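Please keep the sequence and the structure in view while reading.

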Amino acid sequence: MRQSDGMPGPTRGFLGRRRDRDARLPPGQYDAGTDWPVLTAEPTPRIAPETWSITVDGAVETPSTWSWDEAHALPRSEYRGDIHCVTTWSKFGTWFAGVSLDTLLEAARPTAEARFVMATAKTGYTTNLPLEHITGGKAWIVWEYDGKPLPVEHGGPVRLLVPHLYFWKSAKWVTRLTLLQRDQPGFWEQNGYHDLGDPWRQQRYQGD
Amino acid sequence: MATVAGVRRPIQRSVELRLDVHDRVDHLPGQHYVVRLTAEDGYTAQRSYSVASAPGDPLVELFVERLDDGEVSTYLADVVEPGDELEVRGPIGGWFVWDGASPALLVAGGSGVVPFVSMLRHARTTGREDLLRIAVSARTLAALPYADELAAAGALIALTGEQHGIRPAGRLAAHELIPLEEPGQTAYVCGSASFAEAATQLLESAGLPPSAIRVERFGPSGAAA
């Protein structure tokens, strides 16, 4: 992939949508309204909640696994706010519920050397995140959307939620979080997408 | 940047753009480009479009379906003329690509055929059309992009809204896909979210392991992630 050459001028005749832009909208994004597009690279897996579990391992003092019931017994935590997909849609005022990653990490206790995390889904999908971006109330595993079970096409029964980054980081069907000392590219990151993916800095592709 | 070399509208509500991409890096069949439009006041909008041309084509061909409320697609379909300059970025994507050397089963709905047209054209130039099995679905033949090219390649064409040859109108069925399966195939599915969901279930019911199925779903927002 290459960078565009220089700063291009205006595109002839392009006006674009009306510019009463919502301040919640990061650059290059549009408001998807009530839509919630589905974009995944693999077949949708059917995962029975009884067979689902979440494991936190790698650079941790206490590798830990929670079953569906055990995870639900942890303190409930909610996110109410916006989400942003790299394909340029954003969705305002979403409401998710599950458990804060802080709760899981508190139990698993990352080692002093842990700096990154690789999230792995049941499908084999992976995505990498800096540890500092999933701690401090910024990330969850969630099983509820709008007060109802998270639909399978949106990652149900349980997905990762890291709403301040582009949504490919919020791995659907998540089952494992592996703490790492060094960053490794996940699935889309190996395929040209950015390692961090901050929508406010338009970090869509490697090199942004 | 790219210079628009050709604009064609072979089917309704869509446009084929032939682009002369400056400092181009050859794509792999299945990859896409991002087109970014900039207004006078600096406002930008960008969307992803699959490449229909083969890597060896001196121009990059993008197929754009015109969505009525599509900020970028309406501009590309209604306004763009040969000679215009467009900001493009690509090629992008390393997952939904065909290596040109291994057997592949391609299943598309509607404009989901576009990445497969690139694969087919590439196979024709390398003489490896034998590696590809193609099944496509659309409402009518007139609504199927690249219909003649796909038919000439022997693609199974399933039309939901009209009879096609001896095939009655109806959705693609598992028994139609089974004869297209070959050992060691990777299946590629491209289409709307609902088509992709139905097609992957068909392939799984026809015996393909999920790990051998790659999916590109697109919605009103483009086709990237």
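In this predicted model, chain B contains an open sheet built from 6 strands, which are arranged in the order 4-3-6-1-2-5. The pairing in this sheet is antiparallel. At its edges lie strand 4 (44-50) and strand 5 (60-65) of chain B, each of which pairs on one side only. From one strand to the next, the twist averages 40°.

Helix 1 of chain B, formed by residues 71-78, packs on this sheet. The helix touches strand 2, strand 3 (32-38), strand 4 and strand 5 of chain B, and its direction makes about 75° with that of strand 4 of chain B. Strand 2 of chain B, covering residues 14-21, is also joined to strand 5 of chain B by 6 bridges, and the two run antiparallel. Within this pair, B:V15 has B:V64 of strand 5 as its bridge partner.

In general, the strands of a sheet pair through backbone hydrogen bonds, and they may do so in a parallel or an antiparallel sense. Strand 2 of chain A (residues 53-58) pairs with strand 3 of chain A (residues 64-67) in the antiparallel sense. These two strands form a hairpin, with 5 residues between them. Strand 2 of chain A is joined as well to strand 11 of chain A (residues 174-180), and here the strands run parallel. The table sets out the pairs described above.

| Strand pair | Sense | Bridges | Bridge partners |
|---|---|---|---|
| Strand 2 and strand 5 of chain B | antiparallel | 6 bridges | B:V15 and B:V64 |
| Strand 2 and strand 11 of chain A | parallel | 4 bridges | A:G58 and A:L179 |

The next level of organisation is the domain. The domain assignment divides chain B into domain 1 (2-92) and domain 2 (104-218). The C-alpha centres of these two domains of chain B are 24 Å apart. Between them, 13 residues of domain 1 of chain B are in contact with 12 residues of domain 2 of chain B. The side of domain 1 of chain B that touches domain 2 of chain B comprises 7 nonpolar, 5 polar and 1 charged residues.

Finally, the two chains meet each other. Here 38 residues of chain A are in contact with 42 residues of chain B. On the side of chain A that touches chain B, the residues divide into 19 nonpolar, 12 polar and 7 charged.

Note on methods. Residues numbered from 1 in each chain as written. Chains lettered and ligands numbered in written order. Predicted model: local features only at pLDDT ≥ 70, side-chain atom pairs only at ≥ 80, totals over all residues. Domains from an automatic or database assignment. Contact = placed C-beta atoms within 7 Å. Nonpolar A, V, L, I, M, F, W, Y, C, P; charged D, E, K, R; others polar. Pairing = 2+ DSSP bridges. Axes fitted to C-alpha atoms, helices over the stretch in contact; angles between N-to-C directions.
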